[in-house]
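Here is a model to look through together, one question at a time. Each answer sets a value against the rule behind the word.

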Amino acid sequence: MSGWRATVYTLFPGMFPGPLGHSLAGKALAEGVWALETVDIRAFACDKHRTVDDTPFGGGAGMVMRPDVIDAALSGAAGPGPLVYLTPRGWPLTQQRVKDLAGGAGMRVLCGRYEGVDQRVLDAHQAVELSLGDFVLSGGEPAALALIDACVRLLPGVLGSEASLEEESFERGLLEYPHYTRPPLWRDRAVPEVLLSGHHERIRAWRFAKAQETTRERRPDLWRAFASQTEEED
Ligand SMILES: C[S@@+](CC[C@H](N)C(=O)[O-])C[C@H]1O[C@@H](n2cnc3c(N)ncnc32)[C@H](O)[C@@H]1O
């Protein structure tokens, strides 16, 4: 039992565990491999209307989540690990960051809504600001579900075969090679011959070449890092 714990601060606690209650993460949750706590931010609002947001100083569209309400929620219901605030302004989430988070006692995840959260409460609580990618979601909850899922599958005992982690995308700084299964011929499309050869060394070389080709094409940023690391090693 790892005892890893995710504490989620949200205006929509009903969205959890959601997908995390199913499949591998759900089984591990039921078995107590990890624990999930949701904290309803609105319960920490202090006026009779339960207000959690206000208009932005400096003008502009939308509303901003108030620092006093968020602070009360964070201070009133603590959990282990760093505080992560999910935001498109954040540092890009990487597999290395996921590994670091999964390797600790847990994490606290703050989900934004509206235009986001007052910066002062993020600074005061030393939040690590992370982004899922260059797109804008309507709220932090789907991002929190994705982040927690990525962490939970790395906890000891959650995945059946540890070996399947080693070849995954990003493990060697490359995207993964493509996969194929039965039938060997489907709608005139044949599985690459080499994969049926039983020749492990040729299969390994083909997969490595495909991983490089895909990374070079789709992710020049990863490719540059991989290529310069390979040069250094040579
Ligand atoms: C509508 S968004 C706010 C967007 C913000 N005004 C901006 O332009 O950066 C509301 C909330 O969704 C979450 N969110 C949206 N896109 C995200 C992303 N790419 N990664 C992580 N969280 C995201 C954040 O918690 C954010 O506070």
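The questions below go from the numbering and the whole chain to single residues.

Q: What should I know about the model and its numbering before I start?
A: This is a predicted model, where local features need pLDDT of at least 70 and side-chain atom pairs count only at pLDDT 80 or more, while totals for chains, interfaces and linings use all residues. Residues are numbered from 1 along each chain as its sequence is written.

Q: Why is R50 called exposed?
A: The label comes from counting C-beta atoms, placed from the backbone: a residue is buried if 20 or more others lie within 10 Å of its own, exposed if 12 or fewer, and partly exposed in between. R50 has 12 C-beta neighbours inside 10 Å, so R50 counts as exposed. R50 lies in the loop between β2 (34-40) and β3 (53-54), and its phi is near 60 degrees, a positive value in a residue other than glycine.

Q: What makes Q126 exposed?
A: Q126 has 8 other C-beta atoms within 10 Å, and therefore it is exposed. You will find Q126 in the loop between α4 (119-124) and β7. Its phi, near 50 degrees, is positive although the residue is not glycine.

Q: What makes β6 a mostly covered strand?
A: Strands here are DSSP runs of E with at least two residues, helices are runs of H or I with at least four, and both are numbered from the N terminus. In β6, six of its six residues are buried. On one side these are G106, R108 and L110, and on the other M107, V109 and C111.

Q: Which strands pair with β6, and how do you know that they pair?
A: Two strands pair if DSSP finds at least two bridges between them. Four bridges join β5 to β6 (residues 106-111), which run parallel. β1 (residues 4-10) pairs with β6 in the parallel sense over five bridges. L110 is the bridge partner of Y85 and also of Y9, while V109 is the partner of V84.

Q: How many bridges join β5 to β7?
A: Five bridges link these two parallel strands, with β7 covering residues 128-131. Here L86 stands opposite L130.

Q: What is meant by the largest nonpolar core, and which residues have the most contacts inside it?
A: A nonpolar core is a set of buried Ala, Val, Leu, Ile, Met, Phe, Trp, Tyr and Cys residues joined through C-beta atoms within 7 Å. The largest has 42 residues, and V84, L86, V109 and A144 have the most contacts inside it. Helix α5 (residues 140-152) gives the most to this core, with seven residues.

Q: Which residues is V109 in contact with, leaving aside its neighbours within four places in sequence?
A: Contact asks for C-beta atoms, placed from the backbone, within 7 Å. V109 is in contact with A6, V8, Y9, V84, L86, A144 and L147.

Q: Which residues surrounding the ligand are the closest?
A: Being near asks for a C-beta atom, placed from the backbone, within 6 Å of the molecule. 19 residues surround the ligand, and the closest are L86, G112, L132, L137 and G140. The elements that give two or more residues to this shell are β5 (83-92) and α5. β5 gives the most, with four residues.

Note on methods:
Contact = placed C-beta atoms within 7 Å.
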